[in-house]
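Biologist: I am new to this structure and would like to learn how to read its features. Could you take me through them slowly?

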Amino acid sequence: MTYLEAVARVRVSSGRPVERLVCHPRLPLVAGLDRGRPAVHVWSREAGRLRELASVGAGSDAYDDAFAWHPDEPRLVVSGGDRGVVQWSPAGVSAVDGVPPAAAYRSVAFSPDGLTLWASPSSGGEDDAWDSSDVIDLATGTVSSGPRWDTGVAQHPGGGLVVTLNSDQGATHGLFARVDPGAASGGAMRLLRRALVLDVDGYGTPLFSADGRHFAIRGNAYENTLEVFEFPSLRQVLATTLGEPNPGYPYPQEWLDQMRAWSRHNLAFAARPGVLWVGTPTGVLVEVDIEAQDAVEHDVLAGSPVSALAATSTGELVLASGGELVLVSVRSDPGETDSIGDSDASTAAASAVSEFLDTTSDVPDDGGLEEHLVLTDGERTWNSDNLATVYSATAEEPSWLRLQAAINTARDART
């Protein structure tokens, strides 16, 4: 049995709920986005206590939720508002060398080696800004062009591989990319042919488990969906809707209220493999055993909604609720395995990346992206030739496949 205990609480200086939390991958630091206010807060997590260190962007007129931790250093890059792109460190807030002054990035991420900053959309485009991204060499300040992506970047714990989202109203592609370490690679993502296809848009950044054998995706624009996939197989092992399913347009007010009540950043993988935590609007944390398809509820916040959730590098949980941040310890009965060792997790993760790379190849530099992708929804697989011959789809099929069938039918009718 798993036991949760709230060991520390701290009031957010603004008094507002935090709607997104990101723990540093190695250091005892937590960053959180203020709801409805242009500010990112930074807390330290030491000796079982939380202490707010700084706020970034509180005076900005506008704000986008773009912030990312450096993989090794206590450095947080924040983008948005009239301050452009800045970085926080224990020394204070400063500019980021090489970032164009007029850049209005909606997403930022560090490369796994920390030498490069990836940012989207491109600062060099206007109407076509979303067609590419910026690749900023932090040592030289050089800005080059990268692939199109729009929703965060998740680094696989096995190293050398990331996943991001390329969203469209009809369908979203989960794009995997190989990343070679070191400055010689230029820090670029090398997109791979194997990819996910998700219905519609509006998803959050994917989240990998510590051993790299599962990843979760929260979305979408029209429903509170949760999907979990195995890695490297990309087989879907869990698909559910949090709350009531979409009733269709026009949307009842009670359903809209329910949609807003569920946090879009309410997932965290446990230290124990195959276990996912889900925060709820009632303050309950749901412990989901992915393999057993079983769930256990833990009433941690006594009715206060979970507005954000994240896991620390040491397996604790950080929850946001109301104007508070709560640090929660996680322990199991003696004799039960609460986690796997760091070396075992690292080995499993590296093995998963190697297996995945053996089953795919780089997308060629020439030609359109979609003609080279091999897409899966976790159950079925399509390449561009398969999709070109889809002429019918049932009402139960995803809307992107129904749209593809309609496009193919109309195309052939003209020839």
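**Reading charges and strands**

Modeller: Arg260 is exposed, at a relative accessible area of 58%, where exposed means over 50%, buried means under 20% and partly exposed lies in between, computed with a 1.4 Å probe on protein chains only. This is a predicted model, in which local features need pLDDT of at least 70 and side-chain atom pairs count only at pLDDT 80 or more, while totals for chains, interfaces and linings use all residues. Residues are numbered from 1 along each chain as its sequence is written, and side-chain values use heavy atoms, with hydrogens and water left out.

Biologist: Which residue forms a salt bridge with Arg260?

Modeller: A salt bridge is a side-chain nitrogen of Lys or Arg within 4 Å of a carboxyl oxygen of Asp or Glu. Here the partner of Arg260 is Asp257, and their closest N and O atoms are 3.4 Å apart. Helices (H or I, at least four residues) and strands (E, at least two) are DSSP runs, numbered from the N terminus, and both residues belong to helix α1 (residues 253–261), where they are three residues apart, about one turn of the helix. Asp257 is partly exposed, with 41% relative accessibility.

Biologist: How many salt bridges does the structure hold, and which residues do shared partners join into one network?

Modeller: The structure holds 16 salt bridges. One of them links Glu19 to Arg35, with the closest N and O atoms 3.9 Å apart. Glu19 lies in strand β2 (residues 18–23) and Arg35 in the loop between β3 (29–34) and β4 (40–46), so this pair ties together parts that are 16 residues apart in sequence. Glu19 has a relative accessible area of 28% and is partly exposed, and Arg35, at 36%, is partly exposed too. As for the network, salt bridges that share partners join Arg178, Asp180, Arg190, Asp362 and Asp365; within it, Asp180 meets Arg178 at 2.8 Å, N to O.

Biologist: Is strand β16 mostly covered or mostly uncovered, and which strands pair with it?

Modeller: In a regular strand the side chains alternate between the two faces of the sheet. Strand β16 (residues 171–178) is mostly covered, as seven of its eight residues are buried. Two strands pair if DSSP finds at least two bridges between them. Strand β15 (residues 161–167) pairs with β16 in the antiparallel sense over seven bridges, with Leu165 opposite Gly174, and a hairpin of three residues joins β15 to β16. Strand β17 (residues 190–199) also pairs with β16 in the antiparallel sense over seven bridges, and there Thr172 stands opposite Leu198.
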